[in-house]
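Here is a walk through a structure with two protein chains in view. Keep the sequence and the 3D view open as you read.

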Amino acid sequence: MSSLAAPATLPGSSSPAPASTSASADRSRSVFPWLLLAPFLLLVLVFTIVPLFGATVLSTQQTFGPGTSRFVGLSNFRGVLSDPLFWTAFKNTFVFTLGSVCVQLPLALCFAMLLNQPGIRGKTFFRLILFSPVLVGVVYVAMIFFVLFQKRTGLINQLLAGILPSWDVGFAWLDQYIMLALILATLWQYMGFNMVYFLAALQNVPKELNEAAKMDGANWWKRFRHVTLPAITPVGSFVVLLSIIGSFQVFELPFLLLQGSTGVDNKGLTIVGYLYQTGFQSGDLGYASAIGWTIAIVLAVCAGLQRLLSAGSEVSRGGKVARGGGAK
Amino acid sequence: MKPRAIATYCIVVPACIVIALPLVWLLIASLKSSEDFFTSPFLPRGDGFLGIAWDRLTLDNFRNLLSKTGFARSLLASSLLASVTATLATLICAAAGYALARLHFRGKRGVTWLVLACLIIPGPLLLSPGFQVLYHLSLLDTFMGLILPAIGPAFGVYLFRQATVSSVPPELLEAARMDGCSEFRIFWRVALPLLQPMIAAFMLITFLSVWNNFINPQVVLQSAEKFPLAVMIAQLKDVYSQDYGLMMAGTMLSILPVAGLFMLLQRDFVAGLTSGAVKG
């Protein structure tokens, strides 16, 4: 306690000559930033940089638990790329990512625009309800949906059978259609969360421009396409990237819904699920690290593509303007 | 009312019902006996008010949860882990973020790049080697093994850097320096109070993410008496696989405290979540 308080009281209590005060003040000014950064840097070193280095070393080893290992060169990576289970996991994860991004984000934008209209009462209440599932942790989402998705007794099949008489109450959400079940459960959990991002982005849409477009007789679609969309693109592309990154790392929900298994015919196996299985159930941390690097590379490519695409669209728009200017 | 507003309500109200349905169902399920669990999708029918057998609802599931399982101990573990991690992470990230935003020193660019680089490293990549690091530091199966890796998130440093840039004016810091304030006092007494909205938001976000985290305690902890709620509730499914009422009561009680807290503080929470996106 006293050692913590000491630095704050020291400069006031000791009173050396004026010249040396300014020198010591200078010194403290150059040391102080590093004092503030030290805990963060130390933690990053131990828990990010060392493991990152470790992931590189590990990926060239075959391990049997955390204590023993054998150097195998690049054969883990060759193993991963020719591993049919890895490709099954990749395909499942890709389907899930595509499904969640393409269903969830347009819906989230839709609800954000609905709630952003003037003259709607109870906006705060609606926003709170739609947002609330994000507060429910993935374990609890899995507990709830595990019961809701059951074949005959589950509420979802019963409700669907009530609405559509032809619906089969034995619909096997958790066996044959696990990816569909995952997409729906994730939609429930994160739609409102993404809606909040889009709501924030919609505040950047210039009102005057929208009014002017209306005056000029631009219809709803034209105003959306040429006024709203460009204004929300910076946040929008960020949300798309975040969604892709998050969806690509899906693991806990299928792991919990399938009670630790990978489902019928491995239909519920995801890439991170496979990483967990090899690393922590079979004990080969080396092979797991090679899978980890593969994920990192895929996500880096996605992030790079996103930058390239957004930069490309700006360039082409700029190019058009320049050409238009040249023609005049 | 305008037709456009009516059309909006026609879409938004059903959507809210669909979103709220699983949570309403959960609340009712936790109050039902095992006999009623599958015979009625929602409240059991009977002769009571509104044609519902209110007297068939029971608190037995909650009693069993507290007496048969380690719920109370796990609740304590979760509260401890979440509050300690949230407090330390906020202090460490606020200090680092402030330094990167407002102080001048050699190597600042390098550290800023490091923060941005850490942001793009996917978590699963560090899962196995992180486990090895904890093994070598003898931190497996300890709370420290969960707290230490979680209190220096680059994401938090980035958020506090952005917050400092937008809400701590450099002139104010310069004025305090002129008055002979020590650098520590300037940070503690001038900058931190101005960062208070971000501090609230970030503490909430961190608390929630630790409370809901499953994979880290699942990998790091081995002894059942240390399990936080997320791991303990997930295991109810293996141990009491037929007692759905008990599982739903456990789920209900695990969500309720944090969800309640966040409903109360939702303004701060939402502002904090979106600030990084909007300003970045």
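This is a predicted model: local features need pLDDT of at least 70, side-chain atom pairs count only at pLDDT 80 or more; totals for chains, interfaces and linings use all residues.

The paragraphs below go from the chains to their contact, then to rings and charges.

Chain A has 13 helices and two strands. Chain B has 15 helices and zero strands. Of the 328 residues in chain A, 44% are buried. In chain B, 52% of the 280 residues count as buried. Now take the contacts with a separation of 6 or more. In chain A, 66% of them are between residues 24 or more positions apart. In chain B, the share is 74%.

Turn to the contact between the chains. Chain A brings 84 residues to it and chain B brings 93 residues. Together the two chains bury about 7900 Å², and 81% of that lies on carbon and sulfur atoms. The side of chain A that touches chain B draws its largest share, 21 residues, from helix H2 (residues 18-58) of chain A. By class, that side of chain A holds 65 nonpolar, 15 polar and four charged residues. How many salt bridges are there between chain A and chain B? The count is zero. Polar contacts do cross the interface of chain A and chain B: nine residue pairs, both partners at pLDDT 80 or more, meet the rule.

Aromatic rings come next. The count over all chains is 30 aromatic pairs. One of them pairs Phe280(A) with Phe131(B): the ring centres are 5.1 Å apart and the planes stand at 85°, so the pair is edge-to-face. Phe280(A) sits in helix H12 (residues 271-281) of chain A and Phe131(B) in helix H6 (residues 127-136) of chain B, so this pair joins two chains. Phe280(A) is partly exposed at a relative accessible area of 22%. Phe131(B) is buried at 11%.

A second pair has another geometry. Phe184(B) and Trp188(B) have ring centres 5.8 Å apart and planes at 10°, so they count as stacked. Both lie in helix H10 (residues 183-194) of chain B, four residues apart, which is about one helical turn. Phe184(B) is partly exposed, with a relative accessible area of 30%. Trp188(B) is partly exposed too, at 40%. In chain A, ring pairs link a cluster of Phe145(A), Phe149(A), Trp167(A), Phe171(A), Trp173(A), Tyr177(A) and Trp188(A).

Stay in chain A for Tyr190(A). This residue lies in helix H8 (residues 178-202) of chain A. Tyr190(A) is partly exposed, with a relative accessible area of 32%. Setting aside residues up to four places away in sequence, Tyr190(A) touches Gln104(A) and Val134(A).

Now the charges. Side chains of opposite charge can pair when their charged atoms come close. Over all chains, the count is five salt bridges. In chain A, Asp175(A) and Lys151(A) meet in one of 3.4 Å, N to O. This pair links distant parts of the chain, 24 residues apart: Asp175(A) is in the loop between helix H7 (155-163) and H8, Lys151(A) in the loop between helix H6 (138-148) and H7. Asp175(A) is partly exposed at 27% relative accessible area, and Lys151(A) is partly exposed at 33%.

In chain B, Asp60(B) and Arg63(B) form a salt bridge of 2.7 Å, N to O. Both lie in helix H3 (residues 60-68) of chain B, three residues apart, about one turn of the helix. Asp60(B) is partly exposed at 40% relative accessibility, whereas Arg63(B) is exposed at 52%.

A further salt bridge, between Asp141(B) and Lys226(B), spans 3.7 Å, N to O. Asp141(B) lies in the loop between H6 and helix H7 (144-147) of chain B, and Lys226(B) in the loop between helix H12 (215-220) and helix H13 (229-239), so the pair ties together parts 85 residues apart in sequence. Asp141(B) counts as buried at 16% relative accessibility. Lys226(B) counts as partly exposed at 24%.

Salt bridges with shared partners also join Glu174(B), Arg177(B) and Glu183(B) into one network. Arg177(B) lies in helix H9 (residues 170-178) of chain B. Is Arg177(B) buried or exposed? Arg177(B) is buried, with a relative accessible area of 14%. Its side chain makes a polar contact of 3.0 Å with that of Glu174(B). Beyond its neighbours within four places in sequence, Arg177(B) is in contact with Arg29(A), Tyr98(B), Leu103(B), Glu183(B) and Ile186(B).

Terms used: Residues are numbered from 1 along each chain as its sequence is written. Chains are lettered from A and ligands numbered from 1 in the order in which they are written. Side-chain values use heavy atoms; hydrogens and water are left out. Contact means heavy atoms within 4.5 Å. Buried area is the accessible area (1.4 Å probe) that two parts lose on being put together, summed over both. A salt bridge is a side-chain nitrogen of Lys or Arg within 4 Å of a carboxyl oxygen of Asp or Glu. A polar contact is a pair of N or O atoms within 3.5 Å; within protein, one must be able to donate a hydrogen and the other to accept it, and residues adjacent in sequence count only if both atoms are side-chain atoms. Ala, Val, Leu, Ile, Met, Phe, Trp, Tyr, Cys and Pro count as nonpolar, Asp, Glu, Lys and Arg as charged, and the others, Gly among them, as polar. Rings of Phe, Tyr and Trp (its six-membered ring) pair if their centres lie within 6.5 Å; planes under 30 degrees apart count as stacked, over 60 as edge-to-face and the rest as tilted. Buried means under 20% relative accessible area, exposed over 50%, partly exposed in between (1.4 Å probe, protein chains only).
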